[in-house]
Every structure is written in C-alpha cells, then in structure tokens.
Amino acid sequence: MNQLPIHLVVNKEDYHLFVKPNRVLLDVLREDLELTGTKEGCGLGKCGACTVLLNGRPVHACLTLALQVDGCEITTIEGIGGEKMHPLQEAFVDKGAIQCGFCTPGMINTAKALLDENANPSEEEIKQAIAGNLCRCTGYNKIVDAIHSCGCQSKKKKGGIK
Amino acid sequence: MRIRPFDFKAATSLADALNQLDQAGSNARVLAGGTDLVLNMKKKNILPSMLISLHPIKNLEYVEEKNEMIHIGALAKHADLAIHPILEKYVSILCQAVGLIGSWQVRNIGTIGGNLCNASPAADAVPPLLALDAAVVIATLHGEKTVPINSFFCGPGQTVMKPNEILKEILIKKPLKPSAGCYLKLRRRKAVDISLAGVAFQAESDPSGQRIEQVKIALGGVAPTAIRVPDAENCLVGLSIDDAFQKIPMCADKAANAAKPIDDVRATADYKRTIVNVFVQRCAQHVLTTLKNYRGQS
Ligand SMILES: Cc1cc2nc3c(=O)[nH]c(=O)nc-3n(C[C@H](O)[C@H](O)[C@H](O)COP(=O)(O)OP(=O)(O)OC[C@H]3O[C@@H](n4cnc5c(N)ncnc54)[C@H](O)[C@@H]3O)c2cc1C
Ligand code: FES
Ligand code: FES
C-alpha cells in the first residue's frame with residue numbers, strides 16, 4: 001500500500017502530504033497536522049464530533065478518506081475565529097453551551113456553515129442543522145440559544161451597515 | 001477503528017473509471033461519497049483490494065431537464081437534490097426523501113448513486129424512485145444500458161450491475177398532469193438513522209383535477225428490496241378525489257398486507273406493518289388534499 005500525494009488547503013494554509021489510502025481525514029488532521037481540535041467520538045458517522053467543513057459544508061472527517069478530498073478546502077475548529085474568538089465561540093461561552101466541550105468543535109463548525117448559508121435561522125432550522133451532532137452534557141437548549149443569538153447579531157450587523 | 005490496507009486510484013472521467021475498474025478485477029470497488037463504503041470497510045464488512053475514486057469527476061453531479069425527462073447524475077449529493085428547483089417543481093417526493101437521509105453531514109457528501117448501488121432495503125431514495133417509475137443508466141465498457149428501477153435490485157445489497165459497471169444517471173419522466181407526492185419514514189432517532197419503514201405515495205389527477213388517474217405506492221424497509229403495492233394503488237385509481245378519501249383505510253390495509261417485514265433489532269414485523277398502514281393513510285391524506293387544492297386554484 002503506497003503513500004500517495006495530496007494537496008489540502010486546511011484553514012487557508014496549503015499542505016502537500018503523502019498519505020496511505022486507508023487513512024481518514026480525521027487521522028491526517030490530528031496526527032499529521034497536529035490539529036487536535038477535531039475530535040473522534042464514534043468513528044462511525046453517528047455523533048458529529050469529527051465534523052469539519054469541506055469546501056464550506058459540514059462533513060464527517062471520520063468517514064472521509066484523506067485521498068478523497070485531494071485539492072479541497074478544509075476548515076477545522078482551529079480555523080474558526082483567529083486572534084479573537086469567532087462570535088459563535090463567544091456565544092457558546094456566554095450562553096453556557098459548553099460543558100465538557102467534546103462536541104463543541106463539531107457543533108461550532110456545523111453552526112458556522114448554517115449561519116453562512118442562512119444568516120438568521122429559525123429555532124427549527126438550527127435543530128435540523130445540528131441533528132447530526134450529539135451532545136451528552138448540555139441538553140441542547142443552550143446550544144440552540146447560542147446559535148440563535150448569533151443569527152440575530154449578524155442580522156443586526158447587516159442592518160447597521162445598511 | 002482501522003481500515004485494512006488497500007490500493008487507491010482516482011478516476012479522471014467515467015471512461016477512465018470503467019477501464020480502471022475492469023483492470024482491477026472483481027475485488028475492486030468504486031468510491032463515491034464513502035458514507036456507506038468507508039463505514040463498511042471500518043467494520044470489516046467489505047474488504048476491497050482497490051478503490052477507484054470518482055471524486056475528480058465533476059460532470060456527474062447534474063440535475064437537468066431534457067424534453068419530458070429529468071436526468072440526475074449519479075454523483076449528485078443528497079443536500080443539493082433536497083433543495084433542487086427542478087426536482088421541487090416536478091418530483092418533490094424525491095426532495096423530501098433525500099432530505100431525510102442521515103444528517104446534514106451525510107447529505108453533504110453522500111450521493112444518490114451510492115444510495116442506489118449500496119442497495120439497502122431501507123435506502124430512502126428508492127421508494128420515491130419506484131413510485132416515479134424512474135430508470136437508471138448503467139455505463140459499461142461497451143456502452144450504456146437503461147434499466148427500469150423496478151428491475152434494478154435483486155436483494156439486500158444486490159443489484160443487476162456487474163462488478164465492472166458504473167451507475168451513470170437516473171431518469172425520471174416529468175409528470176404532465178397535476179401531481180403530488182409524499183414520503184414518510186419511521187426511525188428510532190430523529191436524525192442519523194436508517195428507516196425502519198418508508199412509504200412513498202405519488203398520485204396524478206386528470207387535468208381538471210377531478211379524478212385520480214394514477215397512484216403509485218412504494219414501501220421501503222419491509223421486504224428484501226423496496227416494493228410497489230399494486231393492490232393498494234388500484235383501490236384509488238379512477239375515483240373522484242372525494243371518493244378516494246373514503247377509500248384511504250382500505251388502501252392502507254392492502255399496502256400493510258402486501259408488506260413482508262421481518263422482526264429485527266429495531267422493531268417487530270407487526271409494528272412495522274402497523275406503521276406502513278398509518279403512513280399510507282397520512283401520505284394519502286396529504287397527497288389527495290394537495291391535489292384537491294390544485295383544483296381550487298385552477
Ligand atoms: C450515519 C449515517 C446515516 C445514514 N442514514 C441514511 C438514511 O437515513 N437513509 C439512507 O438511505 N441511507 C443512509 N445512510 C447510508 C448512506 O449515507 C447513503 O446510502 C448514501 O447515499 C451513500 O452514498 P455514498 O456516495 O456515500 O456511497 P459510497 O459509500 O461511496 O458507495 C456505496 C456503495 O455503492 C457503490 N457505488 C457508489 N457509487 C456508485 C456508482 N456511481 N456506480 C457503481 N457503484 C457505486 C460503492 O462501490 C459502494 O459499494 C447513512 C449512512 C451513515 C454513515
Ligand atoms: S466521530 Fe465521526 S461522527 Fe462520530
Ligand atoms: S458539552 Fe459535553 S458533549 Fe456537548
């Protein structure tokens with residue numbers, strides 16, 4: 001089983017890597033790039049802890065082969081926000097939407113993709129979007145609140161610009 | 001969870017994929033989104049010696065209208081199909097069904113071709129396609145062949161496709177008369193769960209919206225492959241819409257009787273049969289009401 005070359009753009013940085021075919025994106029992110037923000041829960045597509053953005057859309061890094069996303073743009077939790085926290089991250093902290101934090105990177109990635117697509121989602125739309133992200137601690141209400149509050153914020157900002 | 005070693009090739013085109021697949025022998029598989037295949041490789045259910053990945057092929061993700069037909073490329077992703085304007089306009093039942101697959105994460109990378117080729121008896125795209133009398137186009141080394149969807153599946157996990165063939169596209173005839181459809185599925189968890197039972201119900205009325213001309217009902221998850229239930233369909237065909245409402249319970253009984261579910265870890269056969277009955281009634285109510293409202297508008 002030979003290693004094959006791939007080019008990934010992870011959090012806007014270019015990486016040229018050699019990977020074996022049997023490695024999933026999650027392992028390459030965590031082990032080769034040392035981006036350990038992305039978590040492995042079930043490894044079976046059921047919990048959403050491994051959610052990353054593939055060309056802006058949430059997918060499971062645990063079921064995606066690294067070679068399958070050659071040439072793609074990947075965003076991990078490390079790429080959300082920068083020097084300062086992203087408004088979503090602030091909202092999660094403010095609203096108490098983080099307890100153990102294991103689900104948080106996947107949850108924030110999914111929420112980010114939702115807000116990019118729909119600046120002011122309804123509660124129902126938020127629940128639909130995060131239906132694939134399990135949280136064993138918070139009971140979800142605070143997570144939904146946090147995402148909802150960001151939706152309103154970005155709307156306010158847009159209104160302000162107008 | 002480790003995956004056993006295998007070789008990997010990326011196909012640059014459909015023709016290239018067919019050639020590579022043929023040379024690689026019968027233990028090779030094509031990779032689309034990988035949501036079924038990679039999972040099965042992790043679980044050691046499938047141990048291919050080689051994967052031919054279709055990911056570089058960008059021109060198989062289309063949804064197009066050509067005359068009376070709608071063409072859907074095998075690599076179209078569920079998330080795109082669920083909100084596609086052409087599908088919403090003509091065959092919204094398919095949008096409803098693929099929009100219920102897995103989670104957003106699964107729909108963003110899982111393809112309709114993978115859903116069909118995986119041939120799970122519970123695959124959500126299948127009952128609507130059966131109820132729409134769809135066909136699939138299979139690409140082979142010697143050209144293409146078109147197979148009606150009702151003769152595509154042979155059993156759980158099995159299709160008529162040979163190991164060196166590739167699904168290219170799905171064909172659906174546009175409904176020419178007022179039509180409506182509804183897909184309902186039962187699952188234990190609200191998301192990320194395959195269906196215990198799925199019911200697809202598609203009906204067409206005459207142009208004036210008075211009479212039911214066609215009813216197609218397909219059931220998923222309650223037989224070795226998804227099935228049509230002609231006896232149930234015939235209960236409603238030819239009736240005025242108002243009379244058809246009266247016959248819904250009879251139609252649902254016939255559908256439930258035709259189902260052949262088995263007891264499994266998820267639910268008992270009896271429970272699944274009851275669910276089929278209830279879902280056929282709910283689907284029928286919804287579809288007949290929609291058709292009746294069209295009449296009101298026209
Ligand atoms: C967490 C989770 C939840 C899920 N929930 C649902 C659900 O609710 N409903 C449902 O129906 N499914 C569900 N699935 C199953 C799966 O996501 C779908 O069947 C999906 O459409 C498969 O598409 P794919 O592109 O990922 O296929 P892949 O995994 O890439 O391929 C599946 C099989 O089809 C073959 N194949 C793929 N494309 C072609 C082609 N063009 N020609 C020939 N062979 C091909 C592959 O070789 C493989 O054997 C779920 C999966 C997961 C992991
Ligand atoms: S680790 Fe990928 S979904 Fe659970
Ligand atoms: S905060 Fe612990 S799993 Fe969500």
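This is a predicted model: local features need pLDDT of at least 70, side-chain atom pairs count only at pLDDT 80 or more; totals for chains, interfaces and linings use all residues.
Residues are numbered from 1 along each chain as its sequence is written, with chains lettered from A and ligands numbered from 1 in the order in which they are written. Local features need pLDDT of at least 70, side-chain atom pairs count only at pLDDT 80 or more, totals for chains, interfaces and linings use all residues, and side-chain values use heavy atoms, with hydrogens and water left out.

Visitor: Which chains surround ligand 1?
Guide: A residue is near a molecule if one of its heavy atoms lies within 4 Å of it. There are 34 residues around ligand 1, and B:Val30, B:Thr35, B:His78, B:Thr111 and B:Asp124 come nearest. The site is shared between chains because the surrounding residues come from chains A and B.

Visitor: Which residue has a side-chain N or O atom 2.6 Å from a nitrogen atom of ligand 1?
Guide: A backbone N or O atom of B:Ala32 lies 2.8 Å from an oxygen atom of the ligand. The side chain of B:Thr35 places an N or O atom 2.6 Å from an oxygen atom of ligand 1. For the nitrogen atom of ligand 1, the residue is B:Asp124.

Visitor: Is A:Val93 buried, partly exposed or exposed?
Guide: A:Val93 forms a nonpolar surface patch with A:Met85 and A:Ile98. Buried means under 20% relative accessible area and exposed over 50%, with partly exposed in between (1.4 Å probe, protein chains only). Because its relative accessibility is 48%, A:Val93 counts as partly exposed.

Note on methods: A polar contact is a pair of N or O atoms within 3.5 Å; within protein, one must be able to donate a hydrogen and the other to accept it, and residues adjacent in sequence count only if both atoms are side-chain atoms. Patches are made of residues with over 30% relative accessible area and no salt bridge: like charges are joined within 9 Å, nonpolar side chains (Val, Leu, Ile, Met, Phe, Trp, Tyr) within 5 Å. Accessible areas come from the Shrake-Rupley method with a 1.4 Å probe; for residues, only the protein chains shown count as cover. A salt bridge is a side-chain nitrogen of Lys or Arg within 4 Å of a carboxyl oxygen of Asp or Glu.
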